[in-house]
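Q: Can you walk me through this one? I'd like to go piece by piece.

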Amino acid sequence: MKETPDAAGITGKPEIIVRNLGLTVDEKVILKDIDLTLPYGKKLGVMGRTGSGKTALLKCLSRFFDATTGEVFINGKNIKFLKIEEVRRQFGWVYQDVFLFSNTVDANIAFYDPEKDSKEKVRKCAECAEAHSFIMKLSDGYETVVGEKGHGLSGGQKQRLSIARALYKDAPILLLDDATSALDLSTEAKILSNLNKDYPDITLVISAHRASSVVNCDEIIYLENGIILERGTHTELMKLKGAYAKVFEEQQASYKEAL
């Protein structure tokens, strides 16, 4: 990943445009002919089965991968000619697999700005991520020390801490990459509702296997073998009766069976 000597900065709220994006790794096509427009504040859902290219797309947006073909623009400028640090600063990432630092809960949440660790801000982010209540039940609350593997915490608790950490960064774009997969549907719904209420203006990109994660997005794209097979709102895709509708109906049926 190289930065050009005259790489530019980023000013203003980020608007992303993706044109004819393709990604090939070791002669395997990961993404092909991806076109997207993400004005600031848009909520985009990215659905698809394992290996469909969801995570790869998010990494191209934030320049952790360089596209093989096509272009990604932020505010009209190709990201290959922008300062890498400034591109990355636009994004708050939450991965499915959470890495916690061997430090206090408070320090883990305030990781992006440890010198200005604000207890009030930490709590606000934790509350939005539905983490405050379980944190207060830990032995030392926010001062509880957790290990890198989050010993003693459940997968869902670790994911909620990771969401709180990303919110603390105050990035204008939040990328959730299967970030609620370990949570029950009720907790997931509360977090998504909190995000819409507390951070209504940010751009939100949700990559997920569960349709419940993306039903309220402004647009949903369904990836298959690296291409956009379907796109539209939840209502539009359900009327289409294609791949997305099939997955949604299968998941709804399995939830009802589990009750």
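This is a predicted model: local features need pLDDT of at least 70, side-chain atom pairs count only at pLDDT 80 or more; totals for chains, interfaces and linings use all residues.

Q: Where does R63 sit?

A: R63 is in the loop between helix 1 and strand 4, which covers 69-74.

Q: Is R63 buried or exposed?

A: Buried. R63 has 3% relative accessibility, and the cut-off for buried is under 20%.

Q: Which ones are they?

A: The buried residues of helix 1 are K54, A56, L57, L58, C60 and L61.

Q: OK, new topic. What about D26, where is that?

A: D26 lies in the loop between strand 1 (16-25) and strand 2 (28-38). Those two strands form a hairpin with 2 residues between them, and D26 is in the turn.

Q: What is its phi?

A: D26 has a positive phi of about 50°, although it is not a glycine.

Q: Buried or exposed?

A: Exposed. D26 has a relative accessible area of 76%, and exposed means over 50%.

Q: How do strand 1 and strand 2 pair?

A: They run antiparallel, and 7 bridges join them. One example is T24, whose bridge partner in strand 2 is V29.

Q: Which way does strand 4 run against strand 1?

A: Antiparallel. 5 bridges join strand 1 to strand 4. Here R19 has E71 in strand 4 as its bridge partner.

Q: What can you tell me about G70?

A: G70 is in strand 4. G70 is partly exposed, with a relative accessible area of 31%.

Q: What does it touch?

A: Leaving out residues up to four places away in sequence, G70 touches R19, N20 and L21.

Q: How far is G70 from D33?

A: Their C-alpha atoms are separated by 7.9 Å. Along the chain, G70 and D33 are 37 residues apart.

Q: Let's switch to the open sheet. What's the strand order?

A: The order is 6-9-10-3-11-12. That's 6 strands in an open sheet, with mixed pairing.

Q: Which strands are at the edges?

A: Strand 6 (91-94) and strand 12 (227-232). Each of them pairs on one side only.

Q: How much does the sheet twist?

A: The twist averages 15° from one strand to the next.

Q: What packs on that sheet?

A: Helix 6, residues 155-168, packs on the sheet. Helix 6 touches strand 6 and strand 9 (173-177). Its direction makes about 175° with that of strand 6.

Q: And the other end, how do strand 11 and strand 12 pair?

A: Strand 11 covers residues 219-224, and the two pair in the antiparallel sense over 5 bridges.

Q: Which residues face each other there?

A: Among them, L223 stands opposite I228 in strand 12. Likewise, I221 stands opposite R231 in strand 12.

Q: What's in the turn between them?

A: Strand 11 and strand 12 form a hairpin with 2 residues between them. N225 in that turn has a positive phi of about 55°.

Q: Back to helix 6. How does helix 4 cross it?

A: Helix 4 is residues 119-128, and its axis comes within 8 Å of the axis of helix 6. The two axes cross at roughly 130°. That makes helix 4 oblique to helix 6.

Q: Left-handed or right-handed?

A: Right-handed: that is how helix 4 passes helix 6.

Q: Which residues meet there?

A: On the helix 4 side there are K121, V122, C125, A126 and C128. On the helix 6 side there are A164, L167 and Y168.

Q: How many of those are nonpolar, polar or charged?

A: In this contact of helix 4 with helix 6, 7 residues are nonpolar, no residues are polar and 1 is charged.

Definitions and conventions:
Residues are numbered from 1 along each chain as its sequence is written. Side-chain values use heavy atoms; hydrogens and water are left out. Two strands pair if DSSP finds at least two bridges between them. Helices (H or I, at least four residues) and strands (E, at least two) are DSSP runs, numbered from the N terminus. Axes are lines fitted to C-alpha atoms, for helices over the stretch in contact, and angles run from 0 to 180 degrees between N-to-C directions. Contact means heavy atoms within 4.5 Å. Buried means under 20% relative accessible area, exposed over 50%, partly exposed in between (1.4 Å probe, protein chains only). Angles under 35 degrees count as roughly parallel, over 145 as roughly antiparallel, 65 to 115 as roughly perpendicular and the rest as oblique. A crossing is left-handed if the near helix is turned anticlockwise from the far one by less than a right angle, and right-handed if clockwise. Ala, Val, Leu, Ile, Met, Phe, Trp, Tyr, Cys and Pro count as nonpolar, Asp, Glu, Lys and Arg as charged, and the others, Gly among them, as polar.
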